[in-house]
Amino acid sequence: MGDPTEGALIYMAQAFGIDHESLEHQYPRLFEQPFDSDRKRMTTVHEINGKITAFTKGAVDEMLPLCTHILTSKGVRPITEQDKTNILNLCLSMSEQALRVLGFAVKTLSAVPEDDDEDIEFDLTFTGVTGMIDPPRKEVAQSVSLCKQAGIRTVMITGDHKVTAVAIARELKIFSSQDTVISGEELEQMTDEELDLAVKTTTVFARVSPADKLRIIQSLKRTGEVAAMTGDGVNDSPALKAADIGVAMGVTGTDVAKDAADMILLDDSFTTIAYAIKEGRRVYRNIQKVIQFLLVGNIAEITTLFVATLFNWEPPLLAAHILWVNLATATLPALALGVDPASKNIMKHQPVKTGTLFEKDLVRRVITQGLFVATMTTAAYWIGASFGDHKAGQTMAFSVLALSQMLRAFNQRSNTEPIWVRAEGINPWLVLSFIASLLLMCCILFVPALQYAFKLTYLTVSQWAIVIALSLLSIVQVEIVKWFVRMKK
């Protein structure tokens with residue numbers, strides 16, 4: 001329970017037969033200098049065997065300059081520069097194995113400090129180091145690669161040593177030979193302009209402070225990036241608030257971090273973020289599919305009536321026909337498209353930075369498809385009116401408009417993949433909506449009472465062949481455009 005670093009130390013103590021609860025009861029804490037990100041260490045004071053003793057633990061490179069003595073197998077003696085070099089070399093080798101290294105020191109005091117601000121962390125006796133690791137989950141590396149495919153760069157911001165951070169980042173495929181690493185000390189010496197240049201290639205920030213995290217997020221935003229920040233501590237809250245989307249940990253996260261965040265991970269897993277991105281893209285694309293599907297039909301209806309008015313024709317479509325198409329043959333497929341599964345390539349698409357659903361490509365597709373369907377509908381009316389009568393032309397125009405709308409729902413699932421390439425799964429609701437719309441259309445076209453109410457007529461076999469051909473052409477037009485898009489990419 002609680003902080004994972006503290007938990008690891010308690011686990012290690014238990015492995016050596018030490019009961020921390022009995023120690024806490026026997027030697028209660030009399031004073032504490034809590035950990036902070038600037039000192040990178042903490043100290044507690046206890047009375048042991050009649051002596052007031054202070055114990056310090058923290059980052060070795062921050063603690064070692066404060067030590068004047070060292071505990072050896074032969075007792076305590078003054079620490080030498082060679083001792084410090086040996087200790088730092090040991091810590092470096094442990095860090096290269098992705099171990100987080102903590103150093104420990106002890107000091108005897110004359111009395112318990114009375115002032116909370118009193119500094120007692122000097123003239124320490126160095127006692128040793130320990131290394132611990134929080135092994136990355138195997139699926140995290142896959143999620144990082146998936147995010148990279150999706151045009152998302154993963155950056156590690158950590159308080160760990162530079163060498164430790166790089167070792168972990170390399171294992172997770174966050175860091176490569178082309179990337180750079182920046183430490184907190186280097187970051188402090190950088191101007192905002194220098195940082196803006198550095199963040200473009202830096203994937204690991206090590207030994208950073210909470211203020212550094214905020215600067216990094218602000219720099220990423222200044223360079224035009226959309227920044228998502230994850231965190232769990234109180235010190236992470238400014239960066240979580242500043243990011244375009246702050247993601248707090250639901251298990252280990254503090255209440256302050258959760259309040260500052262936009263999203264909370266209930267399982268504290270990076271993989272969940274990748275799933276959330278995929279789901280967000282699916283919802284965004286599905287909304288666009290529905291808009292595109294409905295607007296194409298509306299443009300086709302308006303254009304058909306406009307052309308008829310322009311040439312002073314009899315109306316190819318009645319108000320009842322348009323109302324029926326919008327309610328029966330458009331609504332059901334549109335609802336089905338709204339729950340369409342994600343495309344198998346959705347995480348290979350580059351991010352789209354836009355403040356609206358109406359992207360330039362969406363507007364182009366709506367106009368071109370709408371005009372094409374209008375052309376097919378007008379052609380059906382002209383053919384029917386020329387070789388039959390006005391009612392036959394109206395029936396053919398109505399049938400082409402409705403059938404092309406129903407068929408187009410299947411190739412609206414992707415703007416790049418052909419209609420025969422399925423997404424991650426079949427959309428049963430789309431199939432059911434097509435069947436339901438087709439049955440409703442059959443009722444209108446073949447039930448005499450409904451046929452009379454909608455002022456339709458029976459069509460010949462040749463007329464039906466023309467209707468089906470013109471309806472299928474709307475699918476062919478979309479697939480040809482998709483093919484050109486794929487060739488261009």
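1. Helices (H or I, at least four residues) and strands (E, at least two) are DSSP runs, numbered from the N terminus. This is a predicted model, in which local features need pLDDT of at least 70, side-chain atom pairs count only at pLDDT 80 or more, and totals for chains, interfaces and linings use all residues. Residues are numbered from 1 along each chain as its sequence is written, and side-chain values use heavy atoms, with hydrogens and water left out.

2. Asn49 sits in the loop between S2 and S3. Its phi is positive, about 55°, although Asn49 is not a glycine. Asn49 is exposed, at 69% relative accessible area. (Buried means under 20% relative accessible area, exposed over 50%, partly exposed in between, with a 1.4 Å probe and protein chains only.) Asp268 also has a positive phi of about 55° and is not a glycine. Asp268 lies in the loop between strand S13 (263-265) and helix H12 (270-310). Asp268 counts as buried, at 19% relative accessibility.

3. Next, the second largest pocket. Its space is about 1,100 Å³. On a 1 Å grid over the protein atoms alone, a pocket is an open set of points where a 1.4 Å probe fits, with protein on both sides within 12 Å along at least five of seven lines; lining residues have an atom within 4 Å of a point. Grid points are joined across faces, edges and corners, and the volume is the space filled by probe spheres set on the points. The lining has 29 residues, and Leu23, Thr44, His46, Phe55 and Phe104 are the closest to the pocket centre.

4. Which elements supply at least two residues each of that lining? They are helix H1 (4-15), helix H2 (20-26), strand S2 (41-48), strand S3 (51-58) and strand S6 (100-109). H1 gives the most, with six residues. By class, the lining of the second largest pocket has 15 nonpolar, eight polar and six charged residues. Here Ala, Val, Leu, Ile, Met, Phe, Trp, Tyr, Cys and Pro count as nonpolar, Asp, Glu, Lys and Arg as charged, and the others, Gly among them, as polar.

5. Helix H6 (residues 162-171) has a buried set: Thr164, Ala165, Val166, Ala167, Ile168 and Ala169. What do the buried residues of H6 pack against? They pack against helix H4 (81-95), S6, strand S8 (156-157), strand S9 (180-183) and strand S10 (202-206). Contact means heavy atoms within 4.5 Å. Just after H6, Lys173 takes a positive phi of about 65°.

6. Now the aromatic rings. Rings of Phe, Tyr and Trp (its six-membered ring) pair if their centres lie within 6.5 Å; planes under 30 degrees apart count as stacked, over 60 as edge-to-face and the rest as tilted. The count comes to six aromatic pairs. Trp324 and Phe454 have ring centres 5.6 Å apart and planes at 70°, so the pair is edge-to-face. Trp324 lies in helix H13 (residues 319-329) and Phe454 in the loop between helix H18 (448-453) and helix H19 (461-488), so the pair ties together parts 130 residues apart in sequence. Phe454 is buried, at 15% relative accessible area.

7. Phe410 and Phe434 make an edge-to-face pair, 5.4 Å centre to centre with 70° between the planes. Phe410 is in helix H16 (residues 390-411) and Phe434 in helix H17 (residues 428-446), 24 residues apart. Phe410 counts as partly exposed at 25% relative accessibility, and Phe434 counts as partly exposed at 21%.

8. Phe311, Trp313 and Tyr381 form one aromatic cluster. Trp313 also touches Thr378, as do Thr304 and Val307, not counting residues up to four places away in sequence. Thr378 lies in helix H15 (residues 360-387) and counts as buried at 12% relative accessibility.

9. Gln369 lies in helix H15 as well. Is Gln369 buried or exposed? Gln369 is buried, with a relative accessible area of 4%. Leaving out residues up to four places away in sequence, Gln369 touches Gln292, Val296, Arg408, Gln412, Gln477 and Val478.

10. Glu62 is found in helix H3 (residues 60-63). Glu62 is partly exposed, at 27% relative accessible area. Neighbours within four places in sequence aside, Glu62 is in contact with Arg39, Lys40 and Arg41. Glu62 and Leu456 are 394 residues apart in sequence, and their C-alpha atoms are 87 Å apart in space.
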